[in-house]
Amino acid sequence: MKGLGITVAMVSMALMVYTCQAGSSLHPLILIPGSGGNQLEARLTADYKPVSLFCNRAGWNKGGWFRLWFDPSVLLAPFTRCFAQRMMLYYDPDLDDYRNAPGVETRVPHFGSTESLLYLDPHLKQITSYMASLVKSLEELGYADGKTLFGAPYDFRYGLAAAGHPSHTGTKYLEDLRALIEDASASNGGKPVILLSHSLGGLFALQLLNRNAPSWRQKYIKHFVALSAPWGGTVQEMLTFASGYSVGVPLVDPLLVREEQRSSESNLWLMPSPKLFGRDKPLVVTPNATYSAYDTAQFLDDIGFPQGVGPYKSRTLPLIEELVVPEVPVTCIIGSGVKTPETLIYGDGGFDEQPEVVYGDGDGTVNMESLLALDAKWGDERNQTLKIINVNGVSHTSILTDDTALTEIFGEISCINSQVMSSVA
């Protein structure tokens, strides 16, 4: 068992405390996955123009729906190109919004259920397990899929945009998530809902809360539990944009998926927060320039992605800077003590080569500054309850499978279900 280090930071609501009492019934719980954490399906129309003959493989060109993510053929270079082409998003400056590649339609299967969150490919359970262990733990607590336990998968390529900018797909997801919350509450006797997110899902959940009225939040939300949330982005994301990132998938050449990863609206959302990382901390170092989080727009231009500068500055940066208190109880469960990219050092080979990496503390993906951003931001907020549980030695993804982490999650959900709000003098 991994070593356990727990740090709890509490900011209590004025004149109120929570106490745990045994025997309470379950509040409905909704799982919100992270980027790449649910299945995604696609079908090809007559407008689809394949990048190679490999992309006409049987089953892909018959007009039917097929699994786009996760498809094991991505492991083979010729098919990696096909995958990247189909996953691409395009920013339309006239619409000020993102859209799919021409000839590619996508959909998210099994909304409302945990089915597409368990395994990214149900035929390869051993290597594509995602939330299966977490869901099993929740079922041991008494939760049942479709009754008290629900899944809220989404097209994780899309993000959200700041006020005044359209974001059709992301906004539609928040509308669907709101409806799911209301339905889950109604089917469970009006009990408010527990939101349990992982990674990017935490950013969507916080935006949902902030975009709905306080009266709605108080009626429908019991508690928000965020696992491994990148509140202030990650240095790892700068590596993704500069040189591509294989996401731990063996045999995949990062350069083959770099253009597709740059096109992702949600990836821009995960760039390091200038206010959090500051002006003086070097995140990327090259022979000709050093970039802090404040230099992200210049960085995007210099790596050869100038088309990302406009959306970043107008649509995404305001979201990165926003961490508004939702005025509902929040628990962050994070990993630490795992070496995490802190500075990327590039040589004369430029961004087409992988950099030397200087590591710091975090969960292997998200830096500690980002994991603890809510504590730094909300520390003086009297109307916000915040609890942070830090599980040492647990990584960004293993928080969903590690026995120690699952015990902490299990315990927190149990406690939330038995909480009674009581007054203190």
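Helices, of at least four residues, and strands, of at least two, are DSSP runs numbered from the N terminus. On that numbering, Glu-327 belongs to the loop between helix 13 (309-321) and strand 13 (330-336). The model discussed here is predicted.

**Backbone features**

Most residues other than glycine have a negative phi, and most peptide bonds are trans. Against this background, Glu-327 has a positive phi near 60° although it is not a glycine. Ser-228, likewise not a glycine, has a positive phi of about 55°. The loop that holds Ser-228 runs between strand 10 (221-227) and helix 8 (236-243). The table sets out the phi and the relative accessible area of these residues.

| Residue | Phi | Relative accessible area |
|---|---|---|
| Ser-228 | about 55° | 0%, buried |
| Glu-327 | near 60° | 28%, partly exposed |

Because buried means under 20% relative accessible area, Ser-228 at 0% is buried. Glu-327, at 28%, is partly exposed, since that class lies between the limits of 20% and 50%.

A further backbone feature concerns a peptide bond. The bond from Trp-69 to Phe-70 is cis, with omega near 5°. Phe-70 lies in the loop between strand 4 (66-69) and helix 1 (77-87).

**A buried serine**

Ser-292 is placed in the loop between strand 12 (290-291) and helix 12 (296-302). Its relative accessibility is 4%, so Ser-292 counts as buried. Leaving aside residues up to four places away in sequence, Ser-292 touches Gly-278, Arg-279, Lys-281 and Leu-283.

**Enclosed space**

Rolling a probe the size of a water molecule over the atoms shows where empty space is left.

The lining of the largest cavity includes Leu-203, Leu-206 and Gln-207, together with Pro-230, Trp-231, Gly-232 and Gly-233. Trp-269, Leu-319, Ile-320, Glu-322 and Leu-323 also line this cavity. Helix 6 (200-210) and helix 13 each supply at least two residues of the lining. Helix 6 gives the most, with three residues.

Definitions and conventions
Residues are numbered from 1 along each chain as its sequence is written. This is a predicted model: local features need pLDDT of at least 70, side-chain atom pairs count only at pLDDT 80 or more; totals for chains, interfaces and linings use all residues. Side-chain values use heavy atoms; hydrogens and water are left out. Buried means under 20% relative accessible area, exposed over 50%, partly exposed in between (1.4 Å probe, protein chains only). Contact means heavy atoms within 4.5 Å. On a 1 Å grid over the protein atoms alone, a cavity is a set of points where a 1.4 Å probe fits but cannot get out, and a pocket is an open set with protein on both sides within 12 Å along at least five of seven lines; lining residues have an atom within 4 Å of a point.
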